Amino acid sequence: MAQNQRPTSILDSLGEEIIRILTPVSICMFLVVILVSILNTDSSSSPVSSIATIAYSETNSDSSWDKFVGALLNSLVFVAVVTVVTFILVLLFYLRCTKFLKLYMAFSSFVVLGFMGGEIVLLLIEKFNVPIDIVTFLVVLYNFAVVGVLAVFMSKVAILVTQSYLVVIGMLVAYWFTLLPEWTTWVLLVALALYDLAAVLLPVGPLRLLVELAVSRDEDIPALVYEARPVTNHDSDSTSNGVIQRRVWRERRNVSPDLANNMNSSVSNSNSVGIDHNDTILAGAEEGRVVEGNAELSAPLLDHRMTDNQHRQEDDASSESLLLEGIGLGSTGAIKLGLGDFIFYSVLVGRAAMYDFMTVYACYLAIIAGLGITLMLLALYQKALPALPVSIMLGVLFYILTRLLLEVFVVQCSLNLVMF
Amino acid sequence: MTVAAGIGYALLALGPSLSLFISVIAKKPFLILTVLASTLLWLISLIVLSGVWRAFLPLKSTTWWPYAILIITSVGFQEGLRVLLWKAYKRLEDILDAFADRVSKPRLFLTDKMQIALAGGLGHGVAHAVFFCLSLLTPAFGPATFFVDRCAQIPFFLVSAQIALAFVTIHTFSMVIAFNGYAQGNKVDQYFVPAIHLVAGMVTLVNFASGGCVIGIPILYLVAVLTLIHCGKMVFRRLTENRSRQGNFQ
């Protein structure tokens, strides 16, 4: 019987897509934590003047309430700027200035890789006393930045290179965000999570408008979006039919039936991030902030897929999609995560690293849990969802709990060598 | 003491789990998710415990009986969570079997179920090692080291890494024993696991006596080896039973 030649169990391939998105997120967070622990040895270094600290720049001598109010003002200013810029992006997209948007994003990637990357490499060179001359440095940096721009925007490069460059861009921007003062960073993260929630779910939110525009026109939003490698079907059946992690994507049907559009939703948000020591120029960093499901299963499977009655919530979705799925089109599935999510997850973990490593582990687990919950909700609701709120809220919650409760407990037990 | 020493301590505590992870778990994405989920659960249980005990900390470090109460309550809470984990796992198993039927693949094999239990246990063990040992290792990457009064023969980091290694073993394999015990209704296995956990926790109290870690840590390793042997015997028994049962059908 099946002794020597076991048929493959479902355990071999279940959950593969989630791992393919968790791995780069983890790598990005890990790199930021390493950078932070190497470079930020003194926490009270010169504060970076940027657009996020216009209203109030924190000093160590202020009281907690002052710091909190100042941080709140900073975040409000920042969120206001982000909202305005996103509306401008929606307007430009509406006026079909896609060429301009693409060029702008290429330019901003070049700035991030070239200038921000260059500054960080300079700091590292300074710290480790690497002997390198200016000409070599400039040539290598220029090549690095140009290849990065090419990899991210012209997709004829191997997907691994594109993914690596996206992770590097996320890491660089996240590192610069961790240079902001402490209270401002935390309040900013929470404010951006709330903004994301509003912008994607409210009918008047800019991100939702952007998504609807893109879907109605069947165009791709020019944005920096990380796409996991598509899972190849190991057999004729669908692989993305995970049960707990239900990722039953649904095709968005358009008015014209001859289009083979697999895009569920994707969101990008043009965000201006001004970080420079000397002056506050606005360098652009594009951020997409929505987890999108972009997959479809081969047509014959669609009938079998929805007969599972164990999840009651799915029944509504299933009847709808059965109606729509007349001319199903098969393509391999891939999860897309906007680069903004990478950036802000890494900012949270980087900021936690500035306190202690216990908070880093706790926040990492919280963010992964939030991402898992968001993916499950995505499978459940099947529309554009913001990926920031759940993870950021869980991350902040776990940071506070760890710092207040866990640390004392664990240190007390460990120092007395009492463990369980 | 240096970066090398810091990495050394980390690998001491987590080396076997790293090799277990790479060889068994990294190949199956579902098991990676199980490890992450069980690590998160252990962390949440630890946060709840620290929340409950926060009012009483810091404890005086001369008397040992508050720590005994702490250990008893913590172990009891975590073992209670293990039962809940088992119930959740039963539901998960049903869902996975239904899904396997739907995509016309074989149902979960016995080895699959044991691997899930192993991944769950590994998550618990890694969480223990990370929070009780690794998070305190940050000073070890610097130029000096640290000694605790109670155990002045070896650096604190080394002691905590050794204790963490023992506990990683205990956590990892007691989950396999527990899940098999619940699956087969084997009372011995079901009571073995909480007993082992409690005994291991109480043995660390021996470290309270000055110089006690010389006795405490070997006993702890004895407990870990006991867990390993029991788990090995049980797994071997089940696998041979399973194979002979399948052989009868041929």
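Trainee: How many salt bridges are counted between chain A and chain B?

Mentor: The count between the two chains is 0. This is a predicted model, and side-chain atom pairs count only at pLDDT 80 or more. Over all chains the count comes to 9 salt bridges.

Trainee: What makes B:Asp112 and B:Lys28 a salt bridge?

Mentor: The closest N and O atoms of B:Asp112 and B:Lys28 are 3.9 Å apart. The cut-off is within 4 Å, for a Lys or Arg side-chain nitrogen and an Asp or Glu carboxyl oxygen, so the pair qualifies.

Trainee: Which parts of chain B does that pair tie together?

Mentor: B:Asp112 lies in helix H4 (residues 110-132) of chain B. B:Lys28 sits in the loop between helix H1 (3-25) and helix H2 (29-53). The parts are 84 residues apart in sequence. Both B:Asp112 and B:Lys28 are buried.

Trainee: Why is B:Glu93 called buried?

Mentor: B:Glu93 has a relative accessible area of 8%. Buried means under 20%, so B:Glu93 is buried.

Trainee: And why is B:Lys90 called partly exposed?

Mentor: The value for B:Lys90 is 34%. Buried ends at 20% and exposed means over 50%, so B:Lys90 falls in between. B:Lys90 forms a salt bridge with B:Glu93, with the closest N and O atoms 3.8 Å apart. Both lie in helix H3 (residues 65-102) of chain B, 3 residues apart, about one turn of the helix. B:Lys90 and B:Glu93 are also linked with B:Lys113 in a network of salt bridges.

Trainee: What makes B:Arg237 and B:Glu241 a salt bridge?

Mentor: Their closest N and O atoms are 3.9 Å apart. B:Arg237 counts as partly exposed at 33% relative accessibility, and B:Glu241 as partly exposed at 34%.

Trainee: Back to the two chains. How many residues are in contact?

Mentor: 58 residues of chain A are in contact with 73 residues of chain B. The area buried between the chains is about 5800 Å², with carbon and sulfur atoms giving 74%. A:Leu417, A:Met419 and A:Phe420 supply 16% of the area that chain A buries against chain B, more than any other three residues.

How values were computed
Residues numbered from 1 in each chain as written. Chains lettered and ligands numbered in written order. Predicted model: local features only at pLDDT ≥ 70, side-chain atom pairs only at ≥ 80, totals over all residues. Heavy atoms only, no water. Helix = DSSP H or I, 4+ residues; strand = E, 2+ residues; numbered from the N terminus. Buried < 20%, exposed > 50% of the residue type's maximum accessible area, 1.4 Å probe, protein only. Contact = heavy atoms within 4.5 Å. Buried area = accessible area lost by both parts, 1.4 Å probe.
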